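I opened my notebook to look up a few side-chain contacts. Here is what I went through, entry by entry.

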Amino acid sequence: VQLQASGGGLVQPGGSLRLSCAASGSILSINAMGWYRQAPGKQRELVATISRGGRTNYADSVKGRFTISRDNAKKTVFLQMNSLKPEDAAIYYCNANILIDGDSWYNNFWGQGTKVTVSS
């Protein structure tokens, strides 16, 4: 199973970016999917999660600015980031709780990370 994240880059404060993360492999089912981020010198923190049914959860710092969504048919999770601030700069990692063909339980998988830089 692989999670391939994309969409990071350099954006000015107040700008927008859209991250995508596609899961591939022998996947039977995906439960929750989410985005986390890690800034230099800081611990990885939760940004947003979304259940298979679409229920969302956000960190207080991004509420009202970021929107998480998913396409279950494409096994893809998205993060629309608006009104970006310099403090949003970090490496963003996607996460998914996946049931692999042949397994009996779900396991957590991480993408490789995509870098977001917010600077003028």
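My entries below cover the disulfide, the aromatic rings and the charges over them.

**Ground rules.** I am working with a predicted model, where local features need pLDDT of at least 70, side-chain atom pairs count only at pLDDT 80 or more, and totals for chains, interfaces and linings use all residues. I number residues from 1 along each chain as its sequence is written, and side-chain values use heavy atoms, with hydrogens and water left out.

**Disulfide.** I looked for cysteine sulfur atoms within 2.5 Å of each other, the cut-off for a disulfide, and found one disulfide. It joins Cys21 and Cys94, with the sulfur atoms 2.0 Å apart. Cys21 belongs to strand β3 (residues 17-24) and Cys94 to strand β9 (residues 90-100), so the link ties distant parts of the chain, 73 residues apart. Strands here are DSSP runs of E, at least two residues, numbered from the N terminus. I noted 50° about the S-S bond, a right-handed link.

**Burial.** I call a residue buried under 20% relative accessible area, exposed over 50% and partly exposed in between (1.4 Å probe, protein chains only). Cys21 is buried at 1%, and Cys94 is buried at 0%.

**Rings.** I paired rings of Phe, Tyr and Trp (its six-membered ring) with centres within 6.5 Å; planes under 30 degrees apart are stacked, over 60 edge-to-face, the rest tilted. I got one aromatic pair: Tyr36 and Trp110, edge-to-face, 5.0 Å centre to centre with 65° between the planes. Trp110 is partly exposed at 40%.

**Charge over ring.** This needs NZ of Lys or CZ of Arg within 6 Å of the ring centre and within 35 degrees of the ring normal. Arg44 has its charged end over the ring of Trp110, 4.6 Å from the centre. Arg44 also lies over the face of Tyr93, at 3.8 Å from the ring centre.

Technical notes: Helices (H or I, at least four residues) and strands (E, at least two) are DSSP runs, numbered from the N terminus.
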